[in-house]
There are 2 protein chains.
Amino acid sequence: MPNIVHRVGMAKVAPERVYWAVSTKEGFASLWTVQTIGQAIEGDFLAFRFAGNGAGTGFEVLELLPDKRAAFKCIDGPKEWLDTHLAGETILLFKHCGWREEGEFMHHCSTQWGYFLVGLKKFLEGGEGHPYGGNFEPISGWSK
Amino acid sequence: MPNIVHRVGMAKVAPERVYWAVSTKEGFASLWTVQTIGQAIEGDFLAFRFAGNGAGTGFEVLELLPDKRAAFKCIDGPKEWLDTHLAGETILLFKHCGWREEGEFMHHCSTQWGYFLVGLKKFLEGGEGHPYGGNFEPISGWSK
């Protein structure tokens, strides 16, 4: 099944900080959307809301390997996302795996993830990121 | 085989302009690297140079469908890229297809393509892009 994969290096940023970004509620609020809800505890859930278009998604926390790897499973959200997996590893290797088909929505999400990850790099290096609800600019409106 | 896929919408940009960006020497110089060499003619070749690290790549022009789709085949460059295909279609659906394995270099290229495509969006919407040799900032150094 198709996978979205990214790799982002960050200057003078400790692995703990990168891990923080992809393993905690506060980290995801800096990376993805300020409306991040829930607890980043294995077996628990995180919800991500995007008030502008009402859309949101929820993930089960599958694995937290401190300073190494965090992995999540989609249990709520767009039908294309259900059962897909997110994983972040330091350096930061970032993956969104298990898409059923390589449709236009996957194209969209791929670019949008790239955008968020470049924002995360800026933020962790001391600048400003652009999560949804922050300085976010959409790459392409979805619905098309 | 794994594919890199992206989707980028642009406000008030004609399909001809998007097609120009992914089908001409001048377009690629705005999108990817100012050191774009050769002719964008079916059966001919385009070379892309990145003087900073000496790396470069060459593509055969496979298909030019005016204002619709442009496709290319890698014939020179990093071994992971050989025989992979690039294709741009308006809206802009952008693909880099046929990777043999989902290695760390593919993660890197995925984010880097996202970065270039966001730059293209800025440029075509009237701002400034960031091709290599222009306002380029690397997402992560390659070699690691």
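How many residues of chain B are in contact with chain A? In this predicted model, 23 residues of chain B are in contact with 23 residues of chain A. The copies meet through the same surface, because 100% of the interface residues of chain B are also interface residues in chain A. The points below begin with the fold of chain A, continue with its sheet, and then turn to chain B and the relation between the copies.

**Overall form of chain A**

- Chain A contains 3 helices and 7 strands.
- Along the sequence, these elements of chain A follow the pattern β-α-α-β-β-β-β-β-β-α.
- Chain A has a radius of gyration of 14 Å, close to the 15 Å that the globule rule gives for 144 residues, so it is as compact as a globular protein of that length.
- Taken along the principal axes, the box filled by the C-alpha atoms of chain A is roughly 40 × 30 × 25 Å.
- Of the 144 residues in chain A, 42% are buried.

- Strands of a sheet pair through backbone hydrogen bonds, either parallel or antiparallel.
- In chain A, 7 strands form an open sheet with antiparallel pairing, in the order β1-β7-β6-β5-β4-β3-β2.
- The edge strands of this sheet are β1 (4–7) and β2 (36–38) of chain A, each of which pairs on one side only.
- From one strand to the next, the twist averages 20 degrees.

**Strand pairs in chain A**

- β2(A) pairs with strand β3 (residues 45–50) of chain A in the antiparallel sense, over 3 bridges.
- Within this pair, Ile37(A) has Ala47(A) in β3(A) as its bridge partner.
- The hairpin of β2(A) and β3(A) has 6 residues between the strands, and Gly43(A) in this hairpin takes a positive phi near 90 degrees.
- β3(A) also pairs with β4(A) in the antiparallel sense, over 6 bridges.
- Here the bridge partner of Phe48(A) is Thr57(A) in β4(A).
- Strand β4 (residues 55–65) of chain A pairs in turn with strand β5 (residues 69–76) of chain A, in the antiparallel sense and over 7 bridges.
- Gly58(A) stands opposite Asp76(A), a residue of β5(A).

**Helices across the sheet**

- Helix α3 (residues 104–124) of chain A lies across β1 and β7 (93–97) of chain A, and runs at about 20 degrees to β1(A).
- From the other chain, α3(B) lies across β1 and β7 of chain A, and runs at about 90 degrees to β1(A).

**The side of chain B that touches chain A**

- In the contact of 23 residues of chain B with 23 residues of chain A, the elements of chain B that give two or more residues to its side are β1 (4–7) and α3 (104–124).
- The most is given by α3(B), with 11 residues.
- By class, this side of chain B has 9 nonpolar, 10 polar and 4 charged residues.

**Strand β1 of chain B**

- Ile4(B) and His6(B) point one way from β1(B), while Val5(B) and Arg7(B) point the other way, and all are buried.
- β1(B) pairs with strand β7 (residues 93–97) of chain B in the antiparallel sense, over 4 bridges.
- Arg7(B) stands opposite Leu93(B) in β7(B).

**Thr90 of chain B**

- Thr90(B) has its place in the loop between β6 (85–89) and β7 of chain B.
- Thr90(B) counts as partly exposed because it has 19 C-beta neighbours inside 10 Å, whereas a buried residue needs 20 or more.
- Not counting residues up to four places away in sequence, Thr90(B) touches Pro15(B), Val18(B), Tyr19(B), Asp67(B) and Lys68(B).
- Thr90(B) and Ile139(B) are 49 residues apart in sequence, and their C-alpha atoms are 26 Å apart in space.

**Relation between the copies**

- Two copies of a chain are related by a rotation about an axis and a shift along it.

Note on methods
Residues are numbered from 1 along each chain as its sequence is written. Chains are lettered from A and ligands numbered from 1 in the order in which they are written. This is a predicted model: local features need pLDDT of at least 70, side-chain atom pairs count only at pLDDT 80 or more; totals for chains, interfaces and linings use all residues. Two residues are in contact if their C-beta atoms, placed from the backbone, lie within 7 Å. Ala, Val, Leu, Ile, Met, Phe, Trp, Tyr, Cys and Pro count as nonpolar, Asp, Glu, Lys and Arg as charged, and the others, Gly among them, as polar. The radius of gyration is taken over C-alpha atoms; the globule rule is 2.2 Å times the number of residues to the power 0.38. A residue is buried if 20 or more other C-beta atoms lie within 10 Å of its own, exposed if 12 or fewer, and partly exposed in between; C-beta atoms are placed from the backbone. Two strands pair if DSSP finds at least two bridges between them. Axes are lines fitted to C-alpha atoms, for helices over the stretch in contact, and angles run from 0 to 180 degrees between N-to-C directions.
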